[in-house]
Amino acid sequence: MRLEITCEDRLGITQDVLELLTAHQIDLRGIEIAEEGKIFLNFPNIDFADFQQFMPKIRRIPGIADVKTTLFMPIERERNELRAIIQTMPDPVFSIDMKGRVVLFNDAAKFSVDNDTSMLYSTEISELIKGFHFTKWLDSKETLAQTFKVKYVEQDYIADLLPVFVPDTDQNILAGAVIILKSELRLGQQFKAFHQKETNSFDKFHAHSAAMRKVIKEAKRMAALDGPMVIFGETGSGKELIAKACHDASSRHAGPFLALNCAALPDDVAETELFGFGKGTFGSPEGKIGLLEHAQGGTLLLDEVADMSEQLQRKLLRVLEDGEFVRIGDNQSVKVDVRMVCTTCKDLGVLVESGKFRQDLYYRLNVLGLVMPALRERKQDIIPLTEAFIQQHCAKLGRNVAKLSKSCVEYLNTYPWPGNVRQLQNALYRALTLLEGNEITKSHIHLPSCSTTVSFIDENFDGTLDEEVKKFEKDLLRKLYPSYPSTRQLAKKLGLSHTAIANKLREYGINKATVKI
């Protein structure tokens, strides 16, 4: 039988629980104390009559808010979850203690060794894997992750050596290591899979929000067409990524995908980059082929097309109308077959009305229009994006994947992200490069001051007005409660009666046990 006890963080409360178990002569098999104010107990099943007497007594212990049965303790679930992952891995995995003796191995390791399974336990790892001094590595002053070529069952393998640390109060204690072996065949399979073309170019997008799901659905349809396309959206929202995905999903995917940033280059440079120039021009005997010719049969992305000069707009219009152009300093027409995809963070319609963008070019380009939502309009995607970026950055930095604290998750969800996805990605990279532990908290995320009290709700949100109001109300109370832990103080702050606040706190389950103060 297992119990989950919700309680206050009170000195001696665990001792009170243990004394009650002793009084009822209950043999305790295991106890686990979680950080969020919970105690888990594991003991043999007791008679129903004894259980009926025991439960009320434990509830009457000062500081205990709730007691209920549970199917498993958190550490049991974690241990079995990790064991399941390791056992199903196709690569041999060994876990060794500080003396280099095998304490755990998976099925792949068992099947690759002819010995009796029981013989593997306590076997010196150096008897199984040759070519690396494991005990010397474990005894070194600083045991770091290593990758080495080794011999295992008379074959070459790459071994990933990962130290196992047990966190202590002020330091991490080395407890052994995990060894993951990869054969040449497995490495070849992984290398081939890494370089395989994605079956669906849109799979890399995190589209949990209704706004992003709509964009992906529209983009897939537009990718199958061959007309010019304009992608609107704020800076950093991912316009170029969606443009590349459309190219990869189009009939032109075998052709090149090239880009020109119209805002980053002076007019004359942008023109030569786009159209090239003929022989003898600018003192060059060979001339130069422009991006339009290089993109033949593929896609040309014109990034921030609203900043294109009037001269460049005029020449681009001819390409769209006639499918040909003349290089600078040349008189021979060049025919091209290129799909034009443009991005902009400005309103082209307004620029047309003000005379800053050609109307005829606008209608030529804006055949297919797609609007990338700002990150604040796709809040359900923030944490999935965050977790993906953390994995990417940690892999590049060669460190274990960090986790997010609860306060950090709340902060990321409420920040308005004026720089959108790019700002999120950069903020996480900075946090990880300076992170000393393995948990990212709110203090690690350095962002410009922006109001996080404004709630951006997508027009396609699921639920009723009453449900959205309750969400806002619950969130507000949870944020204020640590500063006003007395219901009377909180009632005064919000201009409500003490009874009304008490009822709302009870309804939303907000108390000292559920909110860190």
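Here is a short tour, from the whole chain down to single residues.

A quick word before we start: this is a predicted model, where local features need pLDDT of at least 70, side-chain atom pairs count only at pLDDT 80 or more, and totals for chains, interfaces and linings use all residues. Residues are numbered from 1 along each chain as its sequence is written, and side-chain values use heavy atoms, with hydrogens and water left out.

**Stop 1: the whole chain.** Select everything. You'll find 21 helices and 21 strands in the protein chain (DSSP runs numbered from the N terminus: H or I of at least four residues for helices, E of at least two for strands). The radius of gyration is 31 Å, well over the 24 Å that the globule rule gives for 517 residues, so the chain is more spread out than a compact globule. That radius is taken over C-alpha atoms, and the rule is 2.2 Å times the number of residues to the power 0.38. Along the principal axes, the C-alpha atoms fill a box of roughly 100 × 75 × 40 Å. Of the 517 residues, 40% count as buried (under 20% relative accessible area; exposed is over 50%, partly exposed in between, with a 1.4 Å probe and protein chains only).

**Stop 2: two annotated stretches.** Select 2-72, where UniProt places "domain: ACT" in an unreviewed entry. This stretch is 32% helix and 31% strand, with its end C-alpha atoms 6 Å apart. Now select 78-109, listed by UniProt as "domain: PAS", also from an unreviewed entry. Here you get 44% helix and 25% strand, and the end C-alpha atoms are 22 Å apart. UniProt positions use the numbering here, feature names are shortened, and annotations may be inferred rather than shown by experiment.

**Stop 3: helix α11.** Select 267-275. Which residues of α11 are buried? They are A270, E271, T272, L274 and F275. Their cover includes β12 (257-261), α12 (291-294) and α13 (310-322).

Stop 4: Most residues other than glycine have a negative phi. Zoom in on Q25, which has a positive phi of about 55 degrees although it is not a glycine. Q25 sits in the loop between α1 (13-23) and β2 (30-34), and is exposed at 74% relative accessible area. Finish at E154, in the loop between β8 (146-152) and β9 (155-167). Its phi is positive too, near 65 degrees, and E154 counts as exposed at 75% relative accessibility.

Key: Contact = heavy atoms within 4.5 Å.
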